[in-house]
Amino acid sequence: MHFILLPLSLIYNLITFIRNKLFDIEFFSSQSFEIPIISVGNLSVGGEGKTPHVEYIINMLQNKYQIAILSRGYKRETTGFVIAETIDTYKKIGDESLQLKIKFPNCIVAVCESRRRGVNKIISNYKDVDLIILDDAFQHRWVKPNINILITSYEKPFYNNYVLPTGTLREGRYGKKRADIIIMSKCSQNINHTEKKDIIRKINPL
């Protein structure tokens, strides 16, 4: 079955490679902002453990910064820029955004298909916000984050995965080069030192 899907993966990989190159050579421009922005995302489609890491970052920084979290609002039935409230439903803002708003009611939680538009809206409407976290935004290159965090899972790391539809990668493994930090999630409790060294070698080969 994988062999049948391979030509489609090659086409998809070429399209995403060209898109990324156009950003790299600044044919497409990524907008920078004065406000610090942290992006948390992955190369794969779902299941990498992004949300727990977003929560970890919020817990670590919320006493020092007024934080806003911006995501697409996956599975919501609304469109455009929407500010989350604790009384909202997942149909309005998406289940992960609702979870974040309930856990962190003092944070601004917003959803928007366009990360650039969403960031500009937050900056314009919430002057006290001094840090924005982009949830699931590794491929959304119209905004240039200050820190780009890539999450990959222990069960299916990106270096053992393939581009859609053969595998679950949204872009080729080369995309890891944009990451400032790579975190392996869902690690086995029995992982030993030798395996750790092997993982590091595969994530960042010489």
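Start by selecting Arg178 and Glu171: Arg178 is buried, and so is Glu171 (buried means under 20% relative accessible area, exposed over 50%, partly exposed in between, with a 1.4 Å probe and protein chains only). The two form a salt bridge, with their closest N and O atoms 2.8 Å apart; the term stands for a side-chain nitrogen of Lys or Arg within 4 Å of a carboxyl oxygen of Asp or Glu.

A quick word on what you're looking at: this is a predicted model, where local features need pLDDT of at least 70 and side-chain atom pairs count only at pLDDT 80 or more, while totals for chains, interfaces and linings use all residues. Residues are numbered from 1 along each chain as its sequence is written, and side-chain values use heavy atoms, leaving out hydrogens and water.

Next, pick Glu113 and Arg76. Their salt bridge has its closest N and O atoms 3.3 Å apart. Glu113 sits in the loop between strand 4 (108–111) and helix 5 (115–125), and Arg76 in the loop between strand 2 (67–71) and strand 3 (82–83), so this pair ties together parts 37 residues apart in sequence. (Helices, H or I of at least four residues, and strands, E of at least two, are DSSP runs numbered from the N terminus.) Glu113 is partly exposed at 38%, whereas Arg76 is buried at 11%.

Now jump to helix 6 (residues 193–203), where Asp198 and Arg201 lie three residues apart, about one turn of the helix. They form a salt bridge too, with 2.5 Å between the closest N and O atoms.
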